[in-house]
Amino acid sequence: MKRLIQNARILTMDADMRILDPGWILLENDTIRDLGEMPGDPAALPQADERIDAERGIVLPGLVNTHCHVSMMPFRGLGDDCPDRLRRFLFPLENKAMTEALVYRAARYGAGEMLLAGVTSFVDMYYFENEVARACDEMGIRGILGETVLGQPTCDSQTPGGGLALAENLLRTWRDHPRIRPVVAPHAANTVSPDILKKAKRLADEYETLLTLHASEMDYELAYFRETFQKTPIEFLSDLGLLGPRLLAAHCIHLTDRDIRLLAGSETAVSHCIGSNTKAGKGVAPIKKLLSAGVRAGLGTDGASSGNTLDLFTQFRLFASFHKTKNRDRSLFPASEIVALGTRGGAKALGMERETGSLEPGKKADLVLVETKSVNMFPCYDPYSALVYSANASNVEMTIVDGEILVRDKRLIRTDTGKLRAEMEEEMGAFVRAAGVQG
Ligand SMILES: [Zn+2]
């Protein structure tokens with residue numbers, strides 16, 4: 001099956017940041033076959049089974065969300081302004097009311113929300129992660145999925161660190177799936193024992209997959225490592241042997257210059273979650289310094305409990321605002337660099353740049369069409385600026401993953417949002433009662 005998208009402003013996000021405007025892109029089954037500028041004579045366009053007129057909309061690589069807890073959807077809007085929310089609110093409620101069935105239905109809903117926002121790949125860390133994988137398989141999205149390993153009993157394991165066995169099961173079950181990449185996800189250096197952290201690393205090495213955890217996020221986390229080990233969390237992870245090209249560390253808000261050298265020297269990647277970090281007042285990660293040191297970095301939404309949205313357009317805007325303000329420099333991070341972080345940068349951070357993150361022949365057909373017809377998108381002089389400063393998720397007209405159109409005319413194809421919501425709501429009764437709120 002060959003599909004041609006034509007008359008588009010194509011942002012290839014390749015090494016030369018080539019823009020084809022107006023351009024065409026040819027997809028064959030799950031792969032990008034070719035792309036180019038629109039010829040003077042339409043008859044010179046490649047043959048295809050289906051032709052799609054983009055009407056000068058912006059075509060870009062599918063967005064890569066490098067940190068998420070997709071099944072935390074029922075938590076959206078709960079305890080938003082509660083201090084020390086993780087320990088006082090989230091962990092207890094998860095243990096009381098998070099079930100296998102709710103994880104599955106919330107993951108379907110969240111995957112739908114991401115696809116509608118142009119996210120084609122996401123990294124996830126949660127409980128009952130096998131159910132998240134099942135949801136991703138059904139929804140068509142690309143999932144990089146890790147079972148949370150925590151040093152205390154959880155909703156899916158009564159033994160501290162019991163998540164390791166579940167993690168291995170996940171790795172065995174899903175490793176050959178074309179769109180699902182099982183990974184290993186110890187929660188954080190301060191919530192898992194050093195012994196379990198080392199076991200998690202060994203598991204990731206054995207299965208040659210990604211290791212992901214939270215790091216340098218919480219004030220009490222920094223105080224704990226300072227008081228107990230006279231180290232920063234990054235120094236602690238480094239001494240434990242956890243840093244390396246396999247590790248994706250989420251947040252990394254509070255870093256010393258030495259931490260940055262350790263991350264760069266070990267080729268550790270970072271997921272930057274600006275929306276989640278600033279909503280909680282935790283701080284703004286030193287991304288400019290990290291990138292200048294050569295650290296691979298992508299953008300993440302975190303769960304809907306922390307950032308309230310799973311869309312990267314919101315992160316683009318917040319990223320620009322916070323980093324420009326923090327550095328008091330309007331020219332810092334031009335829009336093209338921000339879009340690059342959400343696409344190619346994210347793919348690189350996951351070690352998936354050969355597969356996705358840019359529009360080049362031979363890569364997977366993961367791409368997004370953002371329309372420029374809505375009121376907020378006119379005029380559109382510079383497509384990068386339009387994506388960062390004007391667009392929002394509702395401008396996503398089409399999302400393609402692995403060559404399959406999953407969103408068309410702003411609607412999900414495999415299912416619909418009404419059904420996803422009804423399914424999740426049906427399963428939320430006990431959760432809402434345990435949270436003590438009105439549903
Ligand atoms: Zn997180």
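A salt bridge here means a side-chain nitrogen of Lys or Arg within 4 Å of a carboxyl oxygen of Asp or Glu. Keep that in mind for the views below, which come from a predicted model where local features need pLDDT of at least 70, side-chain atom pairs count only at pLDDT 80 or more, and totals for chains, interfaces and linings use all residues. Residues are numbered from 1 along each chain as its sequence is written, and side-chain values use heavy atoms, with hydrogens and water left out.

**View 1. A salt-bridge network links six residues by name: Asp 30, Arg 142, Glu 355, Lys 364, Asp 366 and Asp 402.** Within it, the side chains of Arg 142 and Asp 402 pair up at 3.0 Å, N to O. By the rule above, the count comes to 34 salt bridges.

View 2. The contact (heavy atoms within 4.5 Å) draws on 29 residues of domain 1 and 28 residues of domain 2. Together the two domains bury about 2,200 Å², with 70% of it on carbon and sulfur atoms. Buried area is the accessible area (1.4 Å probe) that two parts lose on being put together, summed over both. On the domain 1 side, Met 13, Val 388 and Tyr 389 lose the most area to domain 2, together 27% of what that side buries.

**View 3. The domain 1 face, piece by piece.** Between the domains there are 2 salt bridges and 8 residue pairs in polar contact, both residues at pLDDT 80 or more. A polar contact is a pair of N or O atoms within 3.5 Å; within protein, one must be able to donate a hydrogen and the other to accept it, and residues adjacent in sequence count only if both atoms are side-chain atoms. Elements that each supply at least two residues to the domain 1 side include β5 (58-61), α14 (383-390) and β15 (396-401). Helices (H or I, at least four residues) and strands (E, at least two) are DSSP runs, numbered from the N terminus. Helix α14 gives the most to this face, with 5 residues.

**View 4. Glu 50 and Arg 3 join two strands.** This salt bridge has its closest N and O atoms 2.7 Å apart. Glu 50 belongs to strand β4 (residues 50-53) and Arg 3 to strand β1 (residues 2-11), so the pair ties together parts that are 47 residues apart in sequence. Both Glu 50 and Arg 3 are buried; buried means under 20% relative accessible area, exposed over 50%, partly exposed in between (1.4 Å probe, protein chains only).

**View 5. Glu 138 has two salt-bridge partners, Arg 108 and Arg 134.** With Arg 108, the closest N and O atoms are 2.6 Å apart. Glu 138 is in helix α3 (residues 129-139) and Arg 108 in helix α2 (residues 100-116), so this pair ties together parts 30 residues apart in sequence. The bridge to Arg 134 spans 3.9 Å, N to O. Arg 134 and Glu 138 are 4 residues apart in helix α3, so about one helical turn separates them. Glu 138 is partly exposed at 27% relative accessible area, and Arg 134 is partly exposed at 33%, while Arg 108 is buried at 8%.

**View 6. Ser 305 sits in helix α11 (residues 304-307).** Ser 305 is buried, with a relative accessible area of 0%. Leaving aside neighbours within four places in sequence, Ser 305 is in contact with Met 72, Phe 75, Asp 80, Arg 85, Leu 90 and Lys 279.
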